[in-house]
Amino acid sequence: MSAERLQCVTCARTYDIMDVRYTCDCGGLLSIERTGVIDRDSFDDRRTSRADIDRSGVWRFREAVLNLDKVVTHPEGGTRLYKRQGLLFKHEGENPTGSFKDRGMTVAVTQAVRVGATAVACASTGNTSASLAAYAAQAGLRAIVFVPSGKISSGKLAQTLAYGATCLQVRGDFDASMRLVREACDRLGIYLVNSINPFRIEGQKTIIWELLQDLGWEPPDWIVVPAGNLGNTSAFGKALREAFAHGWITRMPRLASIQAHGANPFYRSYRESFATRHRISAETIASAIRIGDPVSHDKAVAAISETGGVVEEVTDDEIMAAKREIDGMGIGCEPASAATLAGVKKLRAAGIMKEDEQTVCVLTGHILKDPEANYRPENVVEIDPTIEAVERCCANRR
Ligand code: F0G
């Protein structure tokens, strides 16, 4: 068993794993680090186990996530990998609450229980809040979520409320909600489970490990992910760094983080070789990634640098066209997830990605998450209840 500790990514100062803190005294982001080399054989063996902790696509990797036996698990993960049109799609919308957030949340809520928290909170564009609400309900903790008022999809809001969370609708954007929840957690002693919490990142690493496991530990050439608050980009970088360090893979895939054009602070920074960090006022149809001041910026820069990765931006029209394509494949996803396919198209057109390179798009959220984005009036016909009306419609439409 390897000792786990919190370590600052900026100044390398370490803290005890049981310390309730989200940043270093120097202001840097914290990361969970452990010593020793971990073997991957047991991860493969556990795939045939019937215990929840082994069936979970997060806790199956527990020695490299958080080395505990008592966990708050649904279980989560175990999401499918679809092959369509020469691409692979890992559908994280198949998690218990319909998004990849469950992978981080199972770990963060497990840690909340471990440190004796009674209330947990997050700021959210809707998916984190739904996931937190579900895991808090399971663990018997109070959940308080901060969402930008009127800016999250009806499906996500309804789901969050149904699981019993208290919903604070903040008159402001996600970034304002994020600043407010950090202050509130500090002042009121509530446990914060946004991806600034390093336990979230530990869980989200397993998207990559489960993907590698599904590919027989043969890494793909590219892994493509939508980028908002940059928790996933950071987690993917850490997952690949550790997989390489432990000898689970012998070659690094390249990461491609895709932002919406109207919510592109990380892309702007990438274009300047990360010389400056940008903070903008964000606007995009993909409400999940309408974020202008991503908290995990520094970790995400390392992820892109270490994997020889790229950052791209796509327009809302490109996102919605890609969503229709993914929906039309019979898979389906929410708008933010479709930024991946839109990004692949753009990077291929630019010659950065090649057609013959194995490319995996990570679909982050379920098609039902954003009902407003799914309605297609052209496919709906209202009719009288007669067979003639049915005949007329069918004749016209085929
Ligand atoms: N895709 C979906 C469906 C999301 O919900 C999010 C983030 C992202 C992509 C971006 O991931 O933040 O790690 O870069 N949603 C957060 C939330 C912000 O509150 O649900 P990221």
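**Figure 1. Cysteine pairs in the predicted model, which holds zero disulfides.** A disulfide would need the two sulfur atoms within 2.5 Å. Cys24 is buried, and its relative accessible area is 4%. For Cys394, the closest cysteine sulfur belongs to Cys393 and lies 6.5 Å away, again too far for a bond. Cys394 is partly exposed, with a relative accessible area of 47%.

**Figure 2. The salt bridge between Glu202 and Arg34.** The structure holds 32 salt bridges, and this view shows one of them, in which the closest N and O atoms of Glu202 and Arg34 are 3.1 Å apart. Glu202 belongs to helix 7, which covers residues 198-214, while Arg34 belongs to strand 3, which covers residues 30-34; the pair therefore ties together parts that are 168 residues apart in sequence. Both residues, Glu202 and Arg34, are buried.

**Figure 3. The salt bridge between Glu63 and Arg46.** Here the closest N and O atoms are 2.7 Å apart. Each partner sits in a loop: Glu63 in the one between helix 2 (52-55) and strand 4 (81-84), and Arg46 in the one between helix 1 (41-45) and helix 2, so the pair ties together parts that are 17 residues apart in sequence. Arg46 has a relative accessible area of 12% and is buried, because buried means under 20%.

**Figure 4. The salt bridge between Lys90 and Asp214.** The closest N and O atoms of Lys90 and Asp214 are 3.9 Å apart, and a salt bridge requires such atoms to lie within 4 Å. The pair links distant parts of the chain, with Lys90 in strand 5 (residues 87-91) and Asp214 in helix 7, 124 residues apart. Lys90 has 0% relative accessibility and counts as buried. Asp214, at 34% relative accessibility, counts as partly exposed, because that class falls between the 20% limit for buried and the 50% limit for exposed.

**Figure 5. A salt-bridge network that includes Lys90 and Asp214.** Which residues do salt bridges with shared partners join into one network? The members are Arg47, Arg60, Lys90, Glu92, Arg103, Glu210 and Asp214.

Key:
Residues numbered from 1 in each chain as written. Predicted model: local features only at pLDDT ≥ 70, side-chain atom pairs only at ≥ 80, totals over all residues. Heavy atoms only, no water. Salt bridge = Lys/Arg side-chain N within 4 Å of Asp/Glu carboxyl O. Helix = DSSP H or I, 4+ residues; strand = E, 2+ residues; numbered from the N terminus. Buried < 20%, exposed > 50% of the residue type's maximum accessible area, 1.4 Å probe, protein only.
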